[in-house]
Amino acid sequence: MKNAVFASLAACLLAGAAILAGKVTIAGATASDAAPSANVALVPGFHAPKYSSTESLPGFPESALSGYQFGAVPLGSVTAAKLSGYDTVVLYGLRWGDLSGAEQAAIDEFAKTGKVIIWDADSTGAQDYGSFVHPFATKSSGAVGGSHGSVVTFPQGSPLASSSSSSSSYLDPAALVASTHLIGHMNVLAPPTADWAPGLIAANSKIPEGGWVVAWGYGSTANHAGMVIYSGIDADAFSDAASPNYAIKELAIQLATPFSRTGDAGCSPNCPPPPSGGGGGTGGTGGTGGGSPGVGGPKSTTFAQCSFTKQPPKTWVRGTIHLSLTTSVADGISGVVKSSTDRVIGNGTASSQGHLALLVNTRLLASNHLSTVKADVLVNAAVACTLTTQLRVDNLKPKAFGLKATHTAGGNMLMFRSNEPLRIWFTTRHHQYGTFSRRHSGKTSLKFPRSVTNGTLRLVDRAGNTTRIKVTWK
């Protein structure tokens, strides 16, 4: 697609150049012939099919990818002979079922020594790749709505995606979870699936159980020859006016990832499958943790979006309070609140999709202090996002120092001292003698008619702590 959008992708091209320089490797790509893609066949061509009730996809972004020779192979002409002049095949926005049985078989055979990249799109819907060289099925978010509260997880050691900004395969987690097309309208490979490993894992409100939005394997697992890659990042993202465009960068990473056409003689013919460890699950700071093969897992870094639904209280608080959060959507969302010393002072689970209510016990914080607390949003025990706030805590009941009830010529007097601002009431059995307010600490003097001989003094402090004192004039 040759337009102004791709003209602004200099940063992405520089990243692609770094990848081509050999900074991306995969386990098993140790053979002497391991190399990135060079001659790439596009099936069905530079433009994906338009399926009913869906918008057309942008053209394949060949102008934003340097160092490759691209050629179109239309449907009906996919044969072993036609593919023999290429080292890589990209199925672009295509339903697997649109290929004939013979064409599918040709691609399966090609994958055993070449690279096959399946670049999916929201327009294809859920699919069954049961006849692919390594069978799998996909789930689809569809093309309706916004970002659907995305979550992403970067499995440790993935050759196709990294959350480390120093890596040549870096994808900005915040950009992924915020984008409508990248993850919001994604398709995913449904794990677990033999001979596949996760490259990037994600979930959203349409697929809360998560899946592998990017996955990879060897074309021939037994000898580690060839390579297969699945990408469910929505192809519509190619036309996003973002710099860098992370859909194009991910495609560049996939094309640049080296693979062997002959295999690894050191383990052939009994080479192990690619490592399938690592979970799935993304927005604030990231963390590691365990979970299902869908979202959140061992040796992985998870990111989610999170924000306070409403601002935490700025007034003085006491007892148990709630912190209300808006989060990404995924199965296994929960939250924990910790003090500045990492003491757990609250927790909660998702009350509804995208909403998390955290119950906080302020009694576990120092009174009469401003305390910093952090709320961690967890996806299957992996810290996916962190928010911080400050709470003014007062859990101590107010006191009346030197309380005296005396008789005077003008009436009965009640005197005491306080060390904090108070709201003050005095109530008898039949009457409440008005509301007295003291906005500062110090000495308080209250005067009542001689007919008032007893009652209850009620003191309420800034946080709502209440003290009741029985008073009698003798």
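# Reading contacts in a predicted model

Me: Is Phe-132 buried or exposed, and what is its relative accessible area?

Reply: Phe-132 is buried, with a relative accessible area of 3%. The cut-off for buried is under 20%. Keep in mind throughout that this is a predicted model.

Me: How many aromatic pairs are there?

Reply: The general idea comes before the count. A pair of aromatic rings is described by the distance of the centres and the angle of the planes. In this structure, 21 aromatic pairs are found. One of them is made by Phe-132 and Phe-136, with ring centres 5.9 Å apart and planes at 90 degrees, so this pair is edge-to-face. Phe-136 is also buried, at 5% relative accessibility.

Me: What are the distance and the angle for Trp-216 and Tyr-218?

Reply: The centres of these two rings lie 5.3 Å apart, and the planes stand at 80 degrees. The angle is over 60 degrees, so the rings of Trp-216 and Tyr-218 count as edge-to-face. Trp-216 is buried at 3% relative accessibility, and Tyr-218 is buried with a relative accessible area of 2%.

Me: Which residues form one aromatic cluster with Trp-119?

Reply: Phe-60, Tyr-68, Phe-70, Tyr-92 and Phe-238 belong to that cluster along with Trp-119.

Me: Next, salt bridges. How many does a search of the whole structure find?

Reply: Side chains of opposite charge can pair when their charged atoms come close. The search here finds four salt bridges. One of them joins Lys-112 and Glu-109, whose closest N and O atoms are 3.2 Å apart. Lys-112 is partly exposed at a relative accessible area of 35%, and Glu-109 is partly exposed at 48%.

Me: Which residue does Lys-374 pair with, and how many residues separate the two?

Reply: Lys-374 forms a salt bridge with Asp-342, with 3.5 Å between the closest N and O atoms. The two are 32 residues apart, and the pair links distant parts of the chain. Lys-374 is in strand E19 (residues 369–379), while Asp-342 is in the loop between strand E16 (333–338) and strand E17 (344–352). Both ends are partly exposed: Lys-374 has a relative accessible area of 26%, and Asp-342 has 44%.

Me: What does the salt bridge of Arg-462 and Asp-394 tie together?

Reply: These side chains meet at 3.3 Å, N to O. Arg-462 lies in the loop between strands E26 (454–460) and E27 (466–472), and Asp-394 in the loop between strands E20 (382–393) and E21 (401–408), so the bridge ties together parts that are 68 residues apart in sequence. Arg-462 is partly exposed, with a relative accessible area of 36%, whereas Asp-394 is buried, at 0%.

Me: Where else does Arg-462 make a contact?

Reply: Arg-462 lies over the face of Trp-316, at 3.7 Å from the ring centre. Another such case is Arg-458, which lies over the face of Trp-425 at 4.4 Å from the ring centre.

Me: How many disulfides are there, and how are the bonded cysteines paired in sequence order?

Reply: A disulfide is a covalent bond between the sulfur atoms of two cysteines. The search finds two disulfides, and the pairing in sequence order is 1-2, 3-4. Cys-267 is joined to Cys-271, S to S 1.8 Å. Their link is right-handed, with 90 degrees about the S-S bond. Cys-271 counts as buried at 8% relative accessibility.

Me: Is the disulfide of Cys-306 and Cys-385 left-handed or right-handed?

Reply: The sulfur atoms of Cys-306 and Cys-385 are 1.7 Å apart. The torsion about their S-S bond is about -70 degrees, so this disulfide is left-handed. Cys-306 lies in strand E13 (residues 306–308) and Cys-385 in strand E20, so the pair ties together parts that are 79 residues apart in sequence. Both cysteines, Cys-306 and Cys-385, are buried.

Me: In what order do the strands of the open sheet with E13 and E20 stand?

Reply: Strands of a sheet pair through backbone hydrogen bonds, either parallel or antiparallel. This open sheet has eight strands in the order E13-E15-E18-E17-E16-E19-E20-E14, with mixed pairing. E13 and strand E14 (316–317) stand at the edges with a single partner strand each, so one side of each has no neighbour in the sheet.

Me: How many bridges pair E19 with E20?

Reply: E19 and E20 pair over eleven bridges, in the antiparallel sense. As an example, Thr-386 in E20 is the bridge partner of Asp-376.

Terms used:
Residues are numbered from 1 along each chain as its sequence is written. This is a predicted model: local features need pLDDT of at least 70, side-chain atom pairs count only at pLDDT 80 or more; totals for chains, interfaces and linings use all residues. Side-chain values use heavy atoms; hydrogens and water are left out. Buried means under 20% relative accessible area, exposed over 50%, partly exposed in between (1.4 Å probe, protein chains only). Helices (H or I, at least four residues) and strands (E, at least two) are DSSP runs, numbered from the N terminus. A disulfide is a pair of cysteine sulfur atoms within 2.5 Å. Two strands pair if DSSP finds at least two bridges between them. Rings of Phe, Tyr and Trp (its six-membered ring) pair if their centres lie within 6.5 Å; planes under 30 degrees apart count as stacked, over 60 as edge-to-face and the rest as tilted. A charge sits over a ring if NZ of Lys or CZ of Arg is within 6 Å of the ring centre and within 35 degrees of the ring normal.
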